[in-house]
Amino acid sequence: MGNKHVKSAAESNGSSNSHEQQPPISSPELVNGVEAQPKLTEQQVLVLEETWKELESNISKVGVITFISLFETHPDVQETFLPFSGMELEELKQSKQLKAHALRVMQSVQKAIARIHEPEKLEALLRDLGQKHYFYGAKPNYVDLIGPQFIQAIRPSLEEKWTEELQEAWLQLFRYMSCIMKSAMEQERITSGVAPTN
Ligand code: HEM
């Protein structure tokens, strides 16, 4: 699939109405006060594997749109992401570092899908990523914001196939990824005694 279906952040997620278009960030389910680890059903795994095949060729663009939309709707996240603090939108769109991080996030999604049937390996990878993000100064609740932005970014490419079920499968994958990353961030905060960089 070509890139023509992926709209720019401004086209697909204009800042004037982007808040009302956002898929909801549902509160995590708690068990004994601890966030329960979201589970994917077999059907959701199939939907993810199927749709990822269609998205793969566009991941670089999808990643950039995800982060530009995130910064448009949540300027506080941009401020804590130090290399991007104070940058104008046009400058951000050209930023090589933004592109590089966006691509890394998409590669993490790719790895998550590739390891979806090997939960131990996948969890080890996500825990490692969470630990690193503690030191990068990413706040745990910022990690939760990526899924809904990603949904907005992929929707134009999958418009004809879009269903509630498809949307829920992707949201659940991001809830699963962020839950493990955040738990590792929290563990790092408790054990390291080292303050994050911002
Ligand atoms: C689902 C969410 C996210 C994923 C999967 C993700 C993934 C990654 C990956 C794979 C790296 C490279 C790790 C390395 O080997 O050093 C990275 C680096 C980084 N991430 Fe994230 N990230 C996420 C969210 C965020 C958020 C919300 C922030 C900040 C608000 C953030 C800030 C950073 C920073 C500062 C770096 C290091 C510098 C850089 O690579 O640009 N990340 N991220």
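The following legends describe close-up views of a predicted model. Residue numbers start from 1 along each chain, in the order in which its sequence is written. Because the model is predicted, local features need pLDDT of at least 70 and side-chain atom pairs count only at pLDDT 80 or more, while totals for chains, interfaces and linings use all residues.

**View 1. Confidence along the protein chain.** The mean pLDDT (the predictor's confidence in each residue, from 0 to 100) of the protein chain is 84, and 80% of its residues reach 70 or more. Helices (H or I, at least four residues) and strands (E, at least two) are DSSP runs, numbered from the N terminus. Over residues 1-20 pLDDT stays under 50, and for this stretch the model has 32 contacts beyond four places in sequence; two residues are in contact if their C-beta atoms, placed from the backbone, lie within 7 Å.

**View 2. The crossing of H4 and H7.** The axes of helix H4 (residues 59-73) and helix H7 (residues 96-114) come within 8 Å and cross at roughly 110°. Axes are lines fitted to C-alpha atoms, for helices over the stretch in contact, with angles from 0 to 180 degrees between N-to-C directions. H4 and H7 are therefore roughly perpendicular to each other (65 to 115 degrees). Ile59, Ser60, Val62, Gly63, Val64, Thr66 and Phe67 of H4 meet Leu98, Lys99, Ala102, Leu103, Val105 and Met106 of H7. By class, this contact has 9 nonpolar, 3 polar and 1 charged residues; Ala, Val, Leu, Ile, Met, Phe, Trp, Tyr, Cys and Pro count as nonpolar, Asp, Glu, Lys and Arg as charged, and the others, Gly among them, as polar.

**View 3. The crossing of H3 and H11.** The axes of H3 and H11 come within 9 Å and cross at roughly 95°, which makes H3 roughly perpendicular to H11. Gln44, Val47, Leu48 and Thr51 of H3 make the contact with Glu165, Leu166, Ala169, Trp170, Gln172 and Leu173 of H11. These residues divide into 6 nonpolar, 3 polar and 1 charged.

Terms used: Angles under 35 degrees count as roughly parallel, over 145 as roughly antiparallel, 65 to 115 as roughly perpendicular and the rest as oblique.
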